[in-house]
Amino acid sequence: MAENLISPEVVWAERSDVLYVTIRLTDIHDHRLDVAEDKLTFRGWGGTGNSKHGCDLEFFRPVYPQESRQKMTEREIFLRLAKKEPGPYWNCLVKGKKPHFLHTDFNRWRDEDESDVDGDDEPELDRLMSQMGGLGGSPGDLGDSIDSDDSDDDDLPDLESKPAEQQEVANDVHGDGETVEMDDESKATE
């Protein structure tokens, strides 16, 4: 008898030597995850309605199960699978037709011609920004310091005092040109 399973969302990305596979399912419990050289099998309870979920993925090429790692959180199971043959990117994660629940993990994806270095991309960004030019100075030099005097700052009025003309308009509550003196409590209710 076939199992009645709901497919969890599965996303994946890769590098030349590793695959990143994430099974997205909240509140996972009573689960079984088997990684073989050519296949990944998942069964477990969780998600909305605490339903039974499962999927079977037959890999496009072999992986090293013994060198693979996994991490489980409240929302997902993250797998780092070592490719048996490092080299060019695969065309897909699985053999045959792509299952409807399998998607690209664009948060982890990198094009094959990009650097394989994981982690902080800021040094690369700094290098690119310094090549762009246009700002003048060295990277990190933003020109004038924050404490410099700006000529347009001199003409700004004080925020706490209103000019006499604005005060009269504010006190003309009826719009008839006559000013009405108001105490602070009356101003708050008008």
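Glu114 is partly exposed, its relative accessible area being 39%, and in this predicted model the residue sits in the loop that runs between strand S8 (102-104) and helix H1 (122-132). Together with Asp111, Glu112 and Asp113, Glu114 forms a patch of negative charge on the surface. Elsewhere in the model, the count of salt bridges comes to seven, while the count of disulfides comes to zero.

**Acidic surface patch**

- The negative patch on the surface is a gathering of four named residues, Asp111, Glu112, Asp113 and Glu114.
- Membership of such a patch calls for over 30% relative accessible area and no salt bridge, and Glu114, with a relative accessible area of 39%, is partly exposed.

**Salt bridges**

- Side chains of opposite charge can pair when their charged atoms come close.
- The total for this model is seven salt bridges, among them the pair formed by Glu9 and Arg24, whose closest N and O atoms are 3.6 Å apart.
- Because Glu9 belongs to strand S1 (residues 9-14) and Arg24 to strand S2, this pair ties together parts of the chain that are 15 residues apart in sequence.
- Both partners are partly exposed, Glu9 having a relative accessible area of 34% and Arg24 a relative accessible area of 32%.
- Another salt bridge joins Lys84 to Glu37, and here the side chains meet at 2.7 Å, taken from N to O.
- Lys84 lies in the loop between strand S7 (76-83) and S8, whereas Glu37 lies in the loop between S3 and S4, so that this contact ties together parts that are 47 residues apart in sequence.
- Lys84 is partly exposed at a relative accessible area of 30%, and Glu37 is likewise partly exposed, with a value of 38%.
- A further salt bridge links Arg32 with Asp34, where the closest N and O atoms are 3.0 Å apart.
- For this pair too, the side chains are partly exposed, with a relative accessible area of 44% for Arg32 and a relative accessibility of 36% for Asp34.

**Cysteines**

- The disulfide count is zero, a result that rests on the requirement for a pair of cysteine sulfur atoms within 2.5 Å.
- Cys55 is buried, with a relative accessible area of 4%, whereas Cys92 counts as partly exposed at 25% relative accessibility.
- The two labels follow from the cut-off for burial, because a residue is called buried under 20% relative accessible area, and Cys55 has a value of 4%.

**Positive phi in residues other than glycine**

- Asp27, although a residue other than glycine, has a positive phi, with a value near 50 degrees.
- Asp27 is placed in the loop between strand S2 (18-24) and strand S3 (29-35), and the residue is exposed, its relative accessible area being 53%.
- Asn50 is not a glycine either, and its phi is positive at about 50 degrees.
- The setting of Asn50 is the loop between strand S4 (39-46) and strand S5 (51-58), and with a relative accessible area of 38% Asn50 is partly exposed.

Note on methods:
Residues are numbered from 1 along each chain as its sequence is written. This is a predicted model: local features need pLDDT of at least 70, side-chain atom pairs count only at pLDDT 80 or more; totals for chains, interfaces and linings use all residues. Side-chain values use heavy atoms; hydrogens and water are left out. Patches are made of residues with over 30% relative accessible area and no salt bridge: like charges are joined within 9 Å, nonpolar side chains (Val, Leu, Ile, Met, Phe, Trp, Tyr) within 5 Å. Accessible areas come from the Shrake-Rupley method with a 1.4 Å probe; for residues, only the protein chains shown count as cover. Lys and Arg count as positive and Asp and Glu as negative; His and the chain ends are not counted. The place of a charge is taken as NZ of Lys, CZ of Arg, CG of Asp or CD of Glu. Helices (H or I, at least four residues) and strands (E, at least two) are DSSP runs, numbered from the N terminus. Buried means under 20% relative accessible area, exposed over 50%, partly exposed in between (1.4 Å probe, protein chains only).
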